[in-house]
Amino acid sequence: MTKPERDPYTGLMTTGHEWNGIKELKTPIPRPVKFFLALTILVSVLFWVLFPTWPYGSGYTKGILNIDQRQLVAEDLSRSAALRASWEEKFSTTDLAALEADADAMTFVRSHGARLFKDNCAACHGTDAAGGPGFPSLVDDQWLWGGESETILETLKVGINTRHEDTRNAEMLAFGDQGLLDADQIRALTSYVVSLSRADELSEKSVAQLPQGKELFAENCASCHGETGKGLRDVGAPNLTDDYWIYGGDVDTIRATLRHGRKGVMPFWDQRLNEADLRLLTLYVRDIGAQTK
Amino acid sequence: MISQLTRDERSSAMYLSGLLVLFGGFLAIAGRNDVLGWHGAMLVFSGAILLFALISRFYDDEPARESRHEYYDDPTKFGVVVAMIWLVFATFVGDWVAWLLVFPEATFDAGWSSFGRLRPVHTTGVIFGFGGNALIATSFHVLQRTSRARLAGSVSPWVVLIGFNLFCIMAVTGYMFGITASKEYAEPEWYADLFLVVIWVVYFVLYVRTLARRQEPHIYVANWYFMAFILVVAILHIINNLAVPVSLGHAKSYSLFSGVQDAMTQWWYGHNAVAFFLTSGFLGMLYYYLPRRAGRPIYSYRMSIISFWGITFLYMWAGSHHLHYTALPHWVQNLGMTFSIILVVPSWASAGNALLTLNGAWEKVRDDATLRFMFVAAVFYGLSTFEGSFMAIRPVNSLSHYTDWTVGHVHAGALGWVAMITFGAFYTLVPMLWNRERMYSSRLIEAHFWLALSGTVIYVFSMWNSGIIQGLMWRAYAENGTLAYSFMDSVDAMAPYYVARAVGGFLFFLGGVIGLYNIWKTIKMPAQAHTPIYDLPPVVDVEPAE
């Protein structure tokens with residue numbers, strides 16, 4: 001142990017300890033440290049008196065202000081509900097057609113509806129609502145279940161292929177995986193489906209398969225997609241004669257669809273959004289479709 | 001390394017390596033259809049390499065008996081180099097995930113490279129790989145110097161270092177395979193956790209036994225901090241990771257806690273990991289290398305005392321501020337918040353004690369980038385502890401929580417404080433350890449300093465901006481009670497800040513690469529003439545070879 005000595009630079013004494021050349025000064029604790037320590041402790045004690053803080057046995061100190069976060073949240077929610085009341089009742093009760101004719105209502109739809117759409121729908125359908133592989137475009141005026149406002153509202157509420165009790169159901173069977181058709185038949189059927197929209201693209205070999213494909217179509221597909229392949233809105237079966245495709249209209253994708261089937265899911269929203277918001281979204285979806293046209 | 005072990009030590013190292021092979025073999029067989037099995041195979045492989053090296057050099061000459069009266073620095077050398085390698089790897093991954101937020105498609109369509117898996121690779125790699133190795137390495141060095149005693153054992157330091165690194169490798173490879181316990185900063189699964197418990201107990205025992213044979217009447221401050229780090233991390237790690245594995249042959253486990261109790265345990269752990277891993281341990285580092293480099297006495301012994309006990313006592317209460325406005329009872333949040341506010345005082349007293357120690361050495365701070373690293377580290381320590389206490393105030397937290405502000409705060413601490421103090425310590429330590437006159441290039445240290453500082457500042461400023469903008473956008477309501485912005489709008493608004501952050505992170509990564517190169521070139525420089533002193537007391541528990 002070395003002796004305490006005076007540090008030449010500060011003029012302060014050292015403690016007399018030394019470790020591998022490191023010494024320590026015997027500087028007293030600076031005033032600001034003591035002051036702020038006292039201050040922060042004082043503020044904390046004051047806080048403990050005012051707010052809920054310390055537990056004891058089965059309960060905790062409530063604080064003399066008697067404030068609790070549950071009650072604060074409830075107040076916030078009721079304040080927010082009061083603000084929303086200015087438009088919510090109108091949107092949840094007025095006829096959708098009447099709202100579509102109301103310019104003021106539609107201005108509101110375009111601002112608030114856009115935000116609702118981005119927060120709830122854009123993850124699948126895209127911020128521009130143009131969809132992508134597996135997720136239908138909402139701006140091409142092609143509707144699986146129908147584009148009327150009541151139909152769209154129903155789809156929003158119950159979803160497609162969900163666990164909602166009133167869900168819409170639509171499934172493209174896995175003809176290959178389930179052994180309903182063999183590889184040759186699937187090839188012929190693929191050619192036939194391509195021929196419905198783009199007959200000129202088919203090779204000679206494919207054209208030769210068309211009679212077999214047509215027969216298979218009548219047996220396996222027509223019940224949902226209709227005799228002519230124009231689809232059936234009652235069961236959500238898409239039109240196969242146009243240029244709109246959900247998963248892709250190229251030969252490989254069509255063959256994959258026939259082999260493995262499809263069962264896309266649209267979530268149900270009636271337990272997550274209220275009536276006003278659902279109707280607002282319906283109007284918004286119809287509106288962007290109309291504007292893009 | 002093996003040449004510094006006696007034959008007896010070589011044979012006990014062989015037993016331990018054999019044990020590793022057996023343990024790994026058990027995991028490999030029990031978990032053959034699982035990632036657990038792969039990790040078991042990796043342990044078998046590592047144990048076999050160690051065994052092979054030990055057997056092939058078993059009959060080499062034993063170290064001279066005098067060398068037992070010298071400090072044992074081989075483990076520290078290993079730890080320093082490995083820490084720098086982890087730094088380069090983990091900051092690279094960090095910058096990659098930063099770019100993923102700008103270009104989300106940069107995962108190359110692979111599962112292992114998705115954001116959710118790479119992010120814990122980055123955090124574990126930096127905190128445990130880089131930080132952990134740096135702490136173990138410097139703690140061994142500081143412990144011996146300030147106790148004037150050789151490490152109490154020549155094999156156990158290797159158990160600690162090699163075992164700890166195997167744990168880190170199991171952790172990061174596990175994440176890439178999709179294995180996670182889903183607890184932030186405690187993601188490794190049960191078998192890796194148990195493995196670490198054994199390693200950590202060895203570390204603790206080694207530390208206490210070395211301290212017990214010290215030749216100094218008092219225990220130096222740095223050792224208080226290192227001891228707190230080792231002891232509390234053990235407690236935190238064991239309690240937070242209590243879990244029931246699905247089976248002994250499966251990596252998956254379920255936490256023993258559920259619901260809000262699980263959340264509270266996790267953030268009690270999370271916050272004290274910040275306190276005792278990232279603060280206490282690195283303060284230990286600061287308390288040795290800063291006064292050594294500055295050549296100045298510690299400003300105030302009393303401030304060291306109140307800071308140490310203040311930090312140790314107060315941090316334990318503060319974890320609940322991570323759960324403001326959640327299902328956690330209001331009173332728990334409030335209690336954590338008040339302790340967080342008091343906590344700023346001992347934190348600033350520590351930073352102040354470090355900065356005031358530099359009085360009388362400011363010209364060195366100007367001229368010597370190594371000391372400047374430690375000075376800037378103390379400044380960032382003060383800055384981020386103030387920021388942390390500020391963010392712990394509930395109304396402030398309602399703005400900052402879940403935003404990039406938190407990310408900025410963490411990086412002010414991790415880059416500005418933890419990494420900078422380590423760089424300062426390493427540049428002081430490396431020439432001492434390898435007995436070189438100086439570092440290979442002081443200009444490269446200078447370059448590293450400015451890259452690290454500018455990278456940190458760019459990072460932190462961009463996250464402050466994006467965090468506060470996010471917070472304000474999320475809480476903005478229109479007059480009719482609807483939200484003013486969608487979440488997507490806030491994501492769009494972040495784009496420029498995410499680019500800036502990734503650029504800042506890249507600068508910091510580049511500095512790390514330069515640091516590793518500089519250290520490597522220093523090791524390759526010729527050694528100075530060295531006269532061993534051999535003044536340490538004999539190591540009682542190691543019998544001299546006959």
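The radius of gyration is taken here over C-alpha atoms, and the value for a globule follows from 2.2 Å times the number of residues to the power 0.38. In this predicted model, chain A has a radius of gyration of 35 Å, whereas a compact globule of 293 residues would have one near 19 Å. Along the principal axes, the C-alpha atoms of chain A fill a box of roughly 110 × 60 × 40 Å.

Chain A contains 11 helices and 4 strands. The chain is divided into domain 1 (14–60), domain 2 (70–167 + 266–292) and domain 3 (183–260). A distance of 55 Å separates the C-alpha centres of domain 1 of chain A and domain 2 of chain A. Of the 293 residues in chain A, 25% are buried. Among contacts in chain A with a separation of 6 or more, 53% join residues 24 or more positions apart.

Helix H4 of chain B comprises 33 residues (115–147) and reaches 45 Å from its first C-alpha to its last, close to the 48 Å expected at 1.5 Å a residue. A bend of about 35° occurs in H4(B) at Gly125(B). H4(B) is mostly covered, with 30 of its 33 residues buried. Just after H4(B), Arg148(B) adopts a positive phi of about 50°.

Helix H12 of chain B spans residues 369–391, 23 residues in number, and its end-to-end C-alpha reach of 32 Å is close to the 33 Å expected at 1.5 Å a residue. Because 19 of the 23 residues of H12(B) are buried, this helix is largely enclosed by the rest of the structure.

Conventions. Residues numbered from 1 in each chain as written. Chains lettered and ligands numbered in written order. Predicted model: local features only at pLDDT ≥ 70, side-chain atom pairs only at ≥ 80, totals over all residues. Helix = DSSP H or I, 4+ residues; strand = E, 2+ residues; numbered from the N terminus. Buried ≥ 20, exposed ≤ 12 C-beta atoms within 10 Å, placed from the backbone. Contact = placed C-beta atoms within 7 Å. Expected span 1.5 Å × (residues − 1). Domains from an automatic or database assignment. Bend = angle between axes of the 7 residues up to and from the residue.
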